[in-house]
Amino acid sequence: MNLDGRTAVVTGAGSGIGAAIAAALADRRARVVVADLDGDAAERTVAAITAHHPGAAVAVAGDVADPAVIATLIDTAERTFGPVALYVANAGVMGAPGLGDDADWDRVLAVNLRAHIRAAQQLVPGWVERGEGYFVSTASAAGLLTQIGAAGYAVSKHAAVGFAEWLAVTYGDRGVRVSCLCPMGVDTAMLDPSTTPGDPLGAVAIRAVTAAGSVLGADAVAREVLAAIDQERFLILPHPEVAAMYAQKSSDYDRWLRGMRRYQAGLLGDADVDV
């Protein structure tokens, strides 16, 4: 997809990966709707973009798991810049540690999965009619492997990968392109230990990511995303070792599960944590 002059929506773009992707798209002369639950953060991202690219971005605040907010994003994009050509479903939450409760599961599935489904429901029919459109799903290496310490995150990210695959299979021959981003550790607020004060299992979930490989900057991940869009490549792996881990998992599932249990035991150590 030639991004020059195209309209993109990026969710969860108030900071981290989303903000970096929005800025990278603007650098490629795309016009960007920056969406975030934190309206002030979205405005800061827009200010940073428009300082270099005047008029290239606008902010919308809201919960992007809400179909009405998604409709507002699309309407704002169309009225301000033109039809949405690219939608980056990037907003995500870690969710509760452990098994959580029903409310925890509702929230993590709403943000990490249903927000993607609801965006596709509103966009894909028009893309098929026009013969063109691009959907980028931010999942996680947890969607190919798993997430120690957080069942909701692991399951919702597996589901996000599965939904992106389904979109690619179902609509790939009708002009809809799909990429799925599956990084390990990225230097964002999600890996900030202060977000889980006094929560040993939450801290273990973070250490499981940071101990598994390098923690990349959000700008480096954004560059990988744009390269994948250029190549119309489905799987985006900023940490290439994830491909090897995934191959090991698929080649001997039981051995991989034993290895993950050993890894979990090492992370837990002598901590008094009920998993």
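Trainee: Where do Phe163 and Trp166 lie, and how many residues apart are they?
Mentor: Both sit in helix H5 (residues 151-171), three residues apart, about one turn of the helix. Keep in mind that this is a predicted model.

Trainee: How many aromatic pairs does the structure hold?
Mentor: There are four aromatic pairs. One of them is Tyr87 with Phe135, which is stacked, at 6.0 Å centre to centre and 15 degrees between the planes.

Trainee: What parts does the pair of Tyr87 and Phe135 tie together?
Mentor: Tyr87 is in strand E4 (residues 84-89) and Phe135 is in strand E5 (residues 133-138), so the pair links parts that are 48 residues apart in sequence. Both Tyr87 and Phe135 are buried.

Trainee: What about Phe163 and Trp166, how are those rings arranged?
Mentor: They're stacked as well, at 6.4 Å centre to centre with 15 degrees between the planes.

Trainee: Switching topic: what lies over the face of Trp256?
Mentor: That's Lys249, at 4.7 Å from the ring centre.

Trainee: And salt bridges, how many does a search of the whole structure find?
Mentor: Six. Among them, Asp4 forms one with Arg29, with the closest N and O atoms 3.1 Å apart. Asp4 lies in the segment before strand E1 (7-10) and Arg29 in the loop between helix H1 (16-27) and strand E2 (31-36), so they tie together parts 25 residues apart in sequence.

Trainee: Which residue forms a salt bridge with Arg107?
Mentor: Asp63, with the closest N and O atoms 3.0 Å apart. Arg107 belongs to helix H4 (residues 102-130), while Asp63 is in the loop between strand E3 (57-61) and helix H3 (67-80), so this pair ties together parts 44 residues apart in sequence. Arg107 is partly exposed at 34% relative accessibility, and Asp63 is partly exposed at 27%.

Trainee: How about Glu232, which residue is its salt-bridge partner?
Mentor: Arg177, with the closest N and O atoms 3.0 Å apart. Glu232 is in the loop between helix H7 (218-231) and strand E7 (235-236), and Arg177 is in strand E6 (residues 176-181), so the parts they tie together are 55 residues apart in sequence.

Trainee: Is Glu232 buried or partly exposed?
Mentor: Glu232 is partly exposed, with a relative accessible area of 40%. Arg177 is partly exposed too, at 28%.

How values were computed
Residues numbered from 1 in each chain as written. Predicted model: local features only at pLDDT ≥ 70, side-chain atom pairs only at ≥ 80, totals over all residues. Heavy atoms only, no water. Salt bridge = Lys/Arg side-chain N within 4 Å of Asp/Glu carboxyl O. Helix = DSSP H or I, 4+ residues; strand = E, 2+ residues; numbered from the N terminus. Buried < 20%, exposed > 50% of the residue type's maximum accessible area, 1.4 Å probe, protein only. Phe/Tyr/Trp six-rings, centres within 6.5 Å; stacked < 30°, edge-to-face > 60°. Lys NZ or Arg CZ within 6 Å of the ring centre and 35° of its normal.
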